[in-house]
Amino acid sequence: MIRLEQKTSVMTDSTTPAAISLAFPGDLEYIPAVRKFIAEAVASFGFNPKFVYRCEVIVDELCNNAVTYGCVSVTAAVKLTCRLFRDRAELAISDEGGKKENIVKLEQALKDSDAADRRQAVDKKNLGMEIVRLLAEKVDLHIDETRGVTTVKVIKKCEETR
Amino acid sequence: MNSSLQIEVNPSDSVSGATIMRLMGALDSGSIGALEKSFERLTAENNPYVIVDMNAVSSCSSSALGQLMGGRTMLSEHGGTLVLAGMGFDLKTKLNLLGAHKIFTIYSDLRAALAAYHWHHEHKPEHIECSFPPQIRLTPPVRHFLGRIAKLKGFSDRDAFRIETIVDEVCNNAVEHGSNSADHAVDVAVSIGLQKIEITVTNINNPRNIEYFKSLSHNIFKSPPPSGSDLRGRGLSLVKMLADNVAFDFSDDGTTVHVTKKKREEP
């Protein structure tokens, strides 16, 4: 008798996500490989190419931000988690926090004011968080001062449910 | 000639053996003498790794760039290395037009230069960890990711592809035979150094497949590869062929496969 074993399915409903996590050295050279990994993982669950690419852009911007401003020590690492639901991706990127002035800048960038005006005024070199805000439905900043960890959490919804 | 350039030379606080030469102001023909003296002192002290921090340099003339090249030669003749770090976009563009990128290794910032020293000269490996639900669809992204990382870290295309193959086989095995609960992730830990990559894949065992894992731990690494008529059991034989070392740790709860692959071919 042949018994076909059914793998437990994740993402059978909107509350059971597939969770992928990654920790990598805080070095810019890793980022292209990291963003491609997340894009391929998202695509493997059948999300449409537009959604996949936008997730890739968000990951790229958040990781660049984390490495450039949030990594201080030589052995600093960046942690990324990607939780995939049927209708959305939830991304969280954590770093060492970086200098106080950079955390203040990040908080400022995420404050809910008139995004369009800010986008016009923003320095072209510091567009990262603006791009994330533009592409994502929700962006939150969590600062854990006791552990010295800063986390940016992003929710990106898909226009069409797979 | 007077120069506005200020030079600070200090050992790195975080990485022993690395020296930071911080330049502040305009690097012009008037600063050549001061630069030359600093390089002579650094060479005499046998500093193995000097990072020239250009973050506060406002401009750099071709003659000053020539002096930096001279400093690099002076240090390398004594077994040392000189790298540049922290240049702003405009300065980097200008120096690259003068050919600086062909002579110097240039890092985005001081931390990246120190991390490179850690990896290149102190042979400290870098670590990557990845965890994913036991679903076969996720093994291609994982293997592609680690193949890209291998290439990034100087493995040849051929070696990187073999690393991809190893990752694919070991991860597929963990997914197919491990626990199928979504909560029981497959964990991949990678340590990548200048000469080798070590990959450790851990899964929670599926109680139904305990006999399979037992047979792996007892037989597969001792017995010959499966014959042509055997449809199963080829994956780990392939891993054994491609890797330099394969270790297998089995318990009732979980299984860990540890693979080491050395750098073989020049990239």
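This talk walks through the contact between two protein chains and then looks inside each of them.

Hi everyone. Before we start, a word on the ground rules. This is a predicted model, in which local features need pLDDT of at least 70 and side-chain atom pairs count only at pLDDT 80 or more, while totals for chains, interfaces and linings use all residues. Residues are numbered from 1 along each chain as its sequence is written, chains are lettered from A and ligands numbered from 1 in the order in which they are written, and side-chain values use heavy atoms, with hydrogens and water left out.

Let's begin where the chains meet. How many residues of chain B are in contact with chain A? There are 38 of them, and they touch 33 residues of chain A; contact here means heavy atoms within 4.5 Å. The size of an interface is often given as the accessible area lost when the parts come together. For chain B and chain A, the buried area is about 2,900 Å², with carbon and sulfur atoms giving 56% of it. That buried area is the accessible area (1.4 Å probe) that two parts lose on being put together, summed over both.

Now for the polar side of the interface. Across it, the rule finds 11 residue pairs in polar contact, both residues being at pLDDT 80 or more. A polar contact is a pair of N or O atoms within 3.5 Å; within protein, one must be able to donate a hydrogen and the other to accept it, and residues adjacent in sequence count only if both atoms are side-chain atoms.

Which elements of chain B give two or more residues to this side? They are helix 5 (110–120), strand 6 (126–132), helix 6 (139–152) and helix 7 (157–177). Helices (H or I, at least four residues) and strands (E, at least two) are DSSP runs, numbered from the N terminus. Helix 6 of chain B gives the largest share, 8 residues. By type, the side of chain B that touches chain A has 18 nonpolar, 12 polar and 8 charged residues. In that count, Ala, Val, Leu, Ile, Met, Phe, Trp, Tyr, Cys and Pro are nonpolar, Asp, Glu, Lys and Arg are charged, and the others, Gly among them, are polar.

A pair of strands also bridges the two chains. Strand 1 of chain A (residues 18–25) pairs with strand 6 of chain B in the antiparallel sense, over 3 bridges. Two strands pair if DSSP finds at least two bridges between them. In this pairing, Leu22(A) stands opposite Cys130(B).

On to salt bridges. Side chains of opposite charge can pair when their charged atoms come close. The cut-off is a side-chain nitrogen of Lys or Arg within 4 Å of a carboxyl oxygen of Asp or Glu. Over all chains the structure holds 20 salt bridges, and 2 are counted between chain B and chain A.

Within chain B, Arg143(B) forms a salt bridge with Asp168(B), their closest N and O atoms being 2.7 Å apart. Why does this pair tie together parts that are 25 residues apart in sequence? Because Arg143(B) lies in helix 6 and Asp168(B) in helix 7 of chain B. Are these two buried or exposed? Arg143(B) is partly exposed, at 22% relative accessible area, whereas Asp168(B) counts as buried at 15%. Buried means under 20% relative accessible area, exposed over 50%, and partly exposed in between (1.4 Å probe, protein chains only).

Chain A has its own pair: Arg88(A) and Glu90(A) meet in a salt bridge at 2.9 Å, N to O, and both residues are buried.

Let's step back to chain A as a whole. It has 5 helices and 5 strands, running β-α-α-β-β-α-α-α-β-β from the N terminus on. Of its 162 residues, 46% are buried.

Finally, some strands of chain B. Strand 7 (residues 186–192) and strand 8 (residues 196–204) pair in the antiparallel sense over 6 bridges, and a hairpin of 3 residues joins them. Val188(B) has Val201(B) as its bridge partner. Strand 8 also pairs with strand 10 of chain B, again antiparallel, over 9 bridges; there, Thr200(B) stands opposite His258(B).
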